[in-house]
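Here is a short walk through one protein model. Keep the structure open as you read.

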Amino acid sequence: MALRKILGMETEFGIFHRRAGDSNPIAASSVLINAYINSLDRSANASPIPRVGWDFVDETPANDARGLNLFTAMAPQVEIHLVNAVLTNGARYYVDHAHPELSTPECADPLTVVLYDRAAEMILVESMRQANAALPEGEEIVVYKNNSDRKGNSYGTHENYLMDRATPFSRVVAQIMPHFVTRQIYTGAGKVGSEAVGISSEQVPFQLTQRADFFEEQVGLETTLKRPIVNTRDEPHADAKKYRRLHVIVGDANLSQVSTFLKIGPTALVLCLVEDDCLDRTFVLKDPVLAMRQVSYDLSLRRPLELDGGGSITALDMQWEYFRSAQRYAESRGLDCIGGEPVGREVLRRWEHVLTALESDPMQLADQLDWVAKYRLINGYRERHDLRWNDARMAAMDLQYHDMRPAKSLFSRLGVETLVDDADAAVAMSEPPEDTRAYFRGKCLQKWADDIVAANWDSMVFDIGDDPLRRVPMMEPTRGTKAHVGSLLAECETSAELLRRLGS
Amino acid sequence: MPERTQKQRPAPQRSEEALVDTPAKSEAGEKLKADLDDLLDEIDDVLETNAEDFVKSYIQKGGQ
């Protein structure tokens, strides 16, 4: 039976320090994140402040070396903890390469991912507000939730799916690849033009996704160059004998909550089908890397993609294949693997709805999908002012669609449907999900931040005074939930008592 | 075990010109168009004032 899909997203935000001369993005990112953490400090009613550093001990050597080198080279030693914060909602907020990055806490269903992604946006908005209040007159740090600077530089929005180690990885690669190529028709955030070499504005005036231009390999370990459609980073942040974490780098950052829900939900469900070997039919694309762009460049959604060994299929028909398999799977095996009936049914319902609408008239989805909303706005402006697609105003509107300042955001003016309430997301800025180990992490930080030396996804390190530091392992992402430890955490007055009762 | 095949259906019969078409119009589309007109009436107030400089200076390096 497919493993319960524990889910998460990591978003690297674009950052732009306006009127700051030679300010560098690493410094601006540090200012941004520190401003947020410091504001929590000043807030009288806030929980204790999580001035808790990220614990690199369990990271893979490659990651460890890259991260630590960057931070020690570019920031004062004392700043390390501040730019690698663990928040009381269980998230990680830090400077990654030259971007502010926020990783959501572990979530047990796709709707909860949407909630924590919205909370992440609100954290960035508040960070801007706090940082800009302290900057010299005229300067401003602005954050963008997109994936490209339109000059060939891309930054990622990564998804994470907990998977069964027993599933052959070759099967995962083969069966998820066509999904990643074809899901772009509803996950894309849209982009004016193309950044691929040799593609003109006449050839590609507008495309479905931010990221398709940047994929050069089918499978690989890289994330910053020669990006692969299926990333092989093997770092489960959990018991490696039982689990694999599929690290997905092929998606766009979405402003639309429906797009985010459909980026995570169908993918999680398809991965359950892969684990249970339940796809009705499987397809092999002749050239998946080429197909990524063919799908993204084709607003008609009618272009046939060549299959290995002959024949072809459109992205829409490929998605219908996945959808029908998933529907049959849900009838026979249920939807517990993606969070149960209500949320699972909603995944299927919305998936079917967008495929149906994309087939008849994609513009019906202007209030649901990012690429459609963006296309409608920018093309409408273009027609009204009789502009060409390569006019700088088209590119500027593309960037401004993703501007996180409420007063400047073009996205927020488009009346796109939401799936979660901002009031709930505001709570999720500081409260963890209750049904994953993020609950234990977040609640410990709320209660005993002063006693916690460091934390990461699968452990926390406590300093309770005279004893040596104590590491509490959290190798099971579905343990440490409110049901498991809620009363224990409530009963313990001190972290020493907690550790004693945990038997560590 | 479900039966597995590598390739299945022939390419749907669709006209060549559909490949370069922008998305089709419809009644729902017309309604959205009316809303869009209202939005476009006021959007110049929030757009970046110097589009060319803005686009040129937005540079992001070192991403994943």
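Begin with helix α13 (residues 438-448) of chain A, which lies across β16 and β17 of chain A. Its direction makes an angle of about 160 degrees with β16(A). Helices (H or I, at least four residues) and strands (E, at least two) are DSSP runs numbered from the N terminus. Axes are lines fitted to C-alpha atoms, for helices over the stretch in contact, and angles run from 0 to 180 degrees between N-to-C directions. Contact means C-beta atoms, placed from the backbone, within 7 Å.

This is a predicted model: local features need pLDDT of at least 70, side-chain atom pairs count only at pLDDT 80 or more, and totals for chains, interfaces and linings use all residues. Residues are numbered from 1 along each chain as its sequence is written, while chains are lettered from A and ligands numbered from 1 in the order in which they are written.

Now the strands under discussion. β16 (residues 452-456) and β17 (residues 459-462) of chain A run antiparallel, joined by 4 bridges. Across this pairing, A:Ala454 stands opposite A:Val461. Both strands belong to an open sheet of 4 strands in chain A, ordered β3-β16-β17-β18, with mixed pairing. At its edges are β3 (53-54) and β18 (470-473) of chain A, each pairing on one side only. Pairing requires at least two DSSP bridges between two strands.

Confidence comes next. Chain A has a mean pLDDT (the predictor's confidence in each residue, from 0 to 100) of 92, and 93% of its residues reach 70 or more. Residues 44-48 of chain A stay under 50. Residues 61-82 of chain A are also below 50. Where pLDDT is low, the predicted coordinates should not be read in detail.

Technical notes
Two residues are in contact if their C-beta atoms, placed from the backbone, lie within 7 Å.
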